[in-house]
Amino acid sequence: MMKQIIFLPFLLQLFALIVSTPPAPAPAKPLVPLLPQSPTSDSSSGQDIIKILRKAKSFNTLIRLLKTTQIIDQVNAQLVTTKSGGLTILAPDDGAFSQLKAGYFNSLDDRQQKELIRFHVLPVYVSSSNFDSLSNPVLTLASDSPTGYQINVTAYANNMNISTGVVNATLTSVVYSDKTLVIYHVDKVLIPLDFSKPKAPAPAPTPTLAKAPKVDKGDTNKATSASNAINLISSHGTMFVSLAVALVSAISS
């Protein structure tokens with residue numbers, strides 16, 4: 001009985017301690033949730049971008065344009081030389097390209113075609129949980145100046161949106177991801193705002209002064225003789241008129 005009396009206060013203290021201890025805080029929810037992985041996404045393909053896109057399917061148009069513009073060579077070289085920074089590819093699927101106006105891509109000149117494809121590549125590795133840390137505007141591989149060929153990224157709730165000033169697209173899933181390369185599926189082709197800017201007018205041609213025609217010495221002499229002849233005729237004409245007036249006056253008187 002004595003042992004039970006001694007043990008009872010201990011149990012009461014233990015119960016009070018358990019009740020007064022606050023529950024552990026729930027883990028903080030990330031600002032940007034991870035995008036779903038593509039069902040065909042894995043790391044077994046290595047960093048062969050064409051092979052990755054072909055295995056993921058629905059990216060046949062992008063594969064063709066990467067090859068015809070030869071941008072795939074630049075992207076592969078960039079990936080090799082930026083192992084620490086990595087690359088991020090925003091990949092529109094075939095359905096996204098079909099939304100473009102018929103013949104749109106072919107209406108672009110060679111330089112614009114290449115810039116359009118480079119516009120879908122960020123020269124840094126950006127995981128889906130780090131999009132909110134990007135500072136807008138975001139440079140792309142096409143950015144040839146601090147103000148050209150940029151995008152704006154908005155990450156909130158379950159959405160990650162890309163705005164170009166012409167197109168608003170959404171990242172729908174992760175096609176592939178490793179430590180230096182990530183490929184996202186976007187639902188629209190990203191059209192640069194730079195394509196809509198009016199081109200600078202061509203500079204006006206510099207006016208040239210017309211040269212005075214050369215005058216031949218023979219022509220000068222001819223002109224002088226003609227002038228003298230006119231003067232002579234004029235003076236003689238005046239003399240003849242004066243004689244005629246005098247003659248008329250004499251007859252009248």
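Which residues form one aromatic cluster?

A word on conventions. This is a predicted model, where local features need pLDDT of at least 70 and side-chain atom pairs count only at pLDDT 80 or more, while totals for chains, interfaces and linings use all residues. Residues are numbered from 1 along each chain as its sequence is written, and side-chain values use heavy atoms, with hydrogens and water left out.

Let's start with the whole chain. The protein chain has eight helices and seven strands; these are DSSP runs numbered from the N terminus, helices being H or I with at least four residues and strands E with at least two. Of its 253 residues, 31% count as buried, and buried means under 20% relative accessible area, exposed over 50%, partly exposed in between, with a 1.4 Å probe and protein chains only. Take contacts between residues at least 6 apart in sequence: 65% of them join residues at least 24 apart, where contact means heavy atoms within 4.5 Å.

Now to helix H3, residues 60-68. Its buried residues are Thr 61, Leu 62, Ile 63, Leu 65 and Leu 66. They pack against helices H2 (49-56), H4 (71-81), H5 (94-98), H6 (104-107) and H7 (110-118), and against strand S1 (87-92). Just after H3, Gln 70 takes a positive phi of about 65°. In the loop between H2 and H3 sits Lys 57, whose phi is near 70°, positive although the residue is not glycine. Lys 57 counts as exposed because its relative accessibility is 58%.

Next, the sheet. Seven strands make an open sheet with mixed pairing, in the order S2-S1-S7-S6-S5-S4-S3; two strands pair if DSSP finds at least two bridges between them. Strand S2 (121-122) and strand S3 (138-139) are the edges, each pairing on one side only. Helix H4 packs on this sheet and touches S1, S2 and S7, its direction making about 150° with that of S1. For those angles, axes are lines fitted to C-alpha atoms, for helices over the stretch in contact, and values run from 0 to 180 degrees between N-to-C directions. Strands S6 (168-177) and S7 (181-186) run antiparallel and are joined by five bridges, and Leu 171 stands opposite Val 186 in S7.

In the loop between S2 and S3 we find Pro 137. The peptide bond leading from Asn 136 to Pro 137 is cis, with omega near -5°.

A search of the whole structure finds three aromatic pairs; rings of Phe, Tyr and Trp (its six-membered ring) pair if their centres lie within 6.5 Å, with planes under 30 degrees apart called stacked, over 60 edge-to-face and the rest tilted. Phe 131 and Tyr 184 have ring centres 5.4 Å apart and planes at 70°, so that pair is edge-to-face. Phe 131 is in the loop between S2 and S3 and Tyr 184 in strand S7, so the pair ties together parts 53 residues apart in sequence. Both Phe 131 and Tyr 184 are buried.

Tyr 149 and Phe 195 are also edge-to-face, because their centres are 6.2 Å apart and their planes at 80°. Tyr 149 lies in the loop between S3 and S4 and has a positive phi near 55°. Its relative accessibility is 7%, so Tyr 149 counts as buried.

Back to the opening question: Phe 119, Tyr 149 and Phe 195 form that one aromatic cluster.
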